[in-house]
Amino acid sequence: MIRAVVRYLDERSGTAPFLKKALRYVFPDHWSFLLGEVALYTFVILVGTGIYLTLFFEPSTATTYYTGHYLPLRGHEMSVAYRSAVDLSFKVRAGLLMRQTHHWAADVFVASIVLHMLRIFFTGAFRKPRDLTYYLGLTMLIVALLEGYLGYSLVDDLLSGMGLAIGYSVLMSIPFVGGNLALLLWGAPFPGKPDFESRMYVAHVFLLPILIATLLGLHLFLVAARHHTQFRESRRTTEKKVIGIPTFPGQAPRSLGLFFAVAAVLFLLGGLIQINPIWLWGPYHVAQGTNGAQPDWYLGWLIGALRLVPSFDVTIGHYTLVPNPFWGGALFPLLVFLILYLSPWLERRLTGEYGFRHLLDRPRDAPWRTALGAALFTWVFVVFLAGASDRVFVSFGVSYVGQIWVYRVLVVILPVVALFATRRLCLALQESERLGRIRKQAEAEARGEMPQPE
Amino acid sequence: MHAVVRRALATVIVVLALPAAAGAQPGVGVKAKTGKGLYAAYCLSCHGVDGSGVTSTSHPPGVLDVHGLGPPLKGVGALAADFYLTIGYMPLADPHEQPRHTKSPFDDREIAALVAYVASLGKGAGVPHPQPQRGDISRGLSLFTEHCAGCHQVVAEGGYVTNAVAPPLHQATPVQIAEAVRIGPYLMPTFPASQISDSQLNSIIAYVQWAKHPDDRGGWSIGRIGPVPEGLVAWLIAATALVGCCLVIGRRFQR
């Protein structure tokens, strides 16, 4: 069957050599290499459900009144955007399923990118020649964060409005240019001109998805062009030779299966577990708010940072040079991404290894990288946890102010602890492996066998 | 009315602000069934004889500059007494902690007797009779968002405010809601009828009653507080399941 299709295409386009190559392209088969595919397939689901939503969502802040069947909103003044999102959830066939699946997919998309990135980082897969692939991946992560934030904000429910108000203040807090930047984007002081909704919409449904798709294309092209990395498992895996399974019959069915699994999980969540019940939040009006408003998880680290930074402004006389939200909301994420972007270069400088690296390290094989990475991610994770401290207080009664102070201490101590503990652990694992090898060899010799080189 | 409310507010704040206010412990061999007897056993040590309050200059002044161990109860009325007793804030468990909704150590008859006794101490507001069935849920949502959601969260799930918790309202009865709005217990502001009329109050209560069992389309509601539980589900269910899939269909290191 495949042969027939290839012949058909080849006779009409002359692409047989390419197709042959594509079908014989070797894929890695270690499970951790599938995390990136999970992100890819989640993106496919996002685009699919997103297209469905655009058919019904109306991105307009024009005032309207709700006249539908949902009692608590009857007669409320609201934007057309919010009303269309409520109608989309209640009236449109499969509308709520699609909206919830889209939102769950957004949460899982970023989660799978982060998991994929952790695999890349802790196995040293970002080393030359794949550093460019890694930069593209990081950029996609940043774009995905922004894309998710815009999706959350478009709906114009109470949480959207509060989220935008925080985003606006953080943007305003950038020294010197913040005010102008905010005015440029919003068109007028918060909540901005009606155009702002159109801008968010175009960015969310067109510009950013296209950008992600383009980066994704380049990312995958580079992966294919340089082939995958591999663990140093047997004598067959060397820096020179790529080992794996071919597209067909090895990878294609497995990858298809993974796609179905991703779709199944996301649609099951979309159908069974409520996410962002906008009809409960109600429409947004300036100066209104609800307690416990939170961003989606992937921006939780920024809320955490805003909470942890002690209250101070940098002022010269009456002029506020650096308003407080800048530190947690802008500088902190910039710093984290800067470190991530610089990691391949830093590693080259620190280790002096400038050559090509096609073989992966297990985390224990590179104790310093693993330890520094663990410290970085511990740092971000502690800040992330602090973002939920108000809910922890309400749910478990742990003093809020107490929590904040504990986090302020932990955010300094835990990364250092993680650094040294991880390094010790890596060295201990190496040592136990070495002892294991010696014991095996000794046992073999005792049995009178020839020692086998590893 | 204003003065009554303010004094009722002071009642809580002073008792909370000043240490050593926890006096009598209920249930220690007291048989008195009359309001006055119960008052003498459980309330008098802080609130003084005939609700005159216990003032002490040795304590630093509390909020609103009130001196004393327990504020006077003359004129707080049945409204305040009914609220603090039915919700279990009084007798106070720990004067240093914000009182939490607990089961009252008194039974209904004892509460009624105590309320009647406190009401008899002076002129004050009676126990309100809200009529949420006359309220409008939609108007209630608007009013609740405007006046209440900033602390109690828009679906009345509660939240954090500076130095206190704004409790969830799952268990609040219509009468307790009406009382709390007028009293402003602990750090909650007082809303006199000039700010929230009785008919508006009916709508707010209708909404709070509705919010106890709101329209949960879309499946399991996971707490109705938005992204924090959603993030937990995304990681603990979705991401875990998908990593599991990868482990199943991918190859693992051979041991």
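Here are some notes on this predicted two-chain model, point by point.

1. Ground rules. Residue numbers start at 1 in each chain as its sequence is written, while chains are lettered from A and ligands numbered from 1 in the order in which they are written. Since the model is predicted, local features need pLDDT of at least 70 and side-chain atom pairs count only at pLDDT 80 or more, whereas totals for chains, interfaces and linings use all residues.

2. Chain A overall. You'll find 16 helices and eight strands here; helices (H or I, at least four residues) and strands (E, at least two) are DSSP runs, numbered from the N terminus. The C-alpha trace of chain A spans about 90 × 65 × 40 Å along its principal axes. Of its 454 residues, 41% are buried. Buried is 20 or more other C-beta atoms within 10 Å of a residue's own, exposed is 12 or fewer, and partly exposed is in between, with C-beta atoms placed from the backbone.

3. Chain B overall. Chain B has 10 helices and two strands, running α-α-α-α-α-α-α-β-β-α-α-α from the N terminus. Buried residues make up 48% of its 255 residues.

4. The interface. On the chain A side 58 residues are in contact with 51 residues of chain B; contact means C-beta atoms, placed from the backbone, within 7 Å. Helices of chain A that each supply at least two residues to this side include helix 3 (35-54), helix 5 (95-122) and helix 10 (247-272). Helix 10 of chain A gives the largest share, nine residues. By class, the chain A side has 34 nonpolar, 17 polar and seven charged residues. Nonpolar covers Ala, Val, Leu, Ile, Met, Phe, Trp, Tyr, Cys and Pro; charged is Asp, Glu, Lys and Arg; the others, Gly among them, are polar.

5. The helix 10 pair. Helix 10 of chain A packs on helix 10 of chain B at about 160 degrees, axes 10 Å apart. (Axes are lines fitted to C-alpha atoms, for helices over the stretch in contact, and angles run from 0 to 180 degrees between N-to-C directions.) That makes the two roughly antiparallel, a label for angles over 145 degrees. The residues that meet include G257(A), A261(A) and V265(A) from chain A, and A238(B), A241(B) and C245(B) from chain B.

6. Helix 15 of chain A. What does the buried part of this helix pack against? Its buried residues are S389(A), D390(A), R391(A), F393(A) and V394(A). They pack against elements of both chains, among them helix 14 (367-386) and helix 16 (400-446) of chain A and helix 10 (227-249) of chain B. After helix 15 comes G397(A), with a positive phi near 75 degrees.

7. Most residues other than glycine have a negative phi, and most peptide bonds are trans. A cis bond joins F248(A) and P249(A), with omega about 5 degrees, and P249(A) is in helix 10 of chain A. Another cis bond joins M90(B) and P91(B), with omega about 0 degrees; P91(B) is in the loop between helix 4 (77-86) and helix 5 (108-120) of chain B. D156(A), not a glycine, has a positive phi of about 65 degrees and is buried, with 26 other C-beta atoms within 10 Å. R224(B) also has a positive phi, near 55 degrees, but counts as partly exposed with 18 C-beta neighbours inside 10 Å.

Methods. Two residues are in contact if their C-beta atoms, placed from the backbone, lie within 7 Å. Angles under 35 degrees count as roughly parallel, over 145 as roughly antiparallel, 65 to 115 as roughly perpendicular and the rest as oblique.
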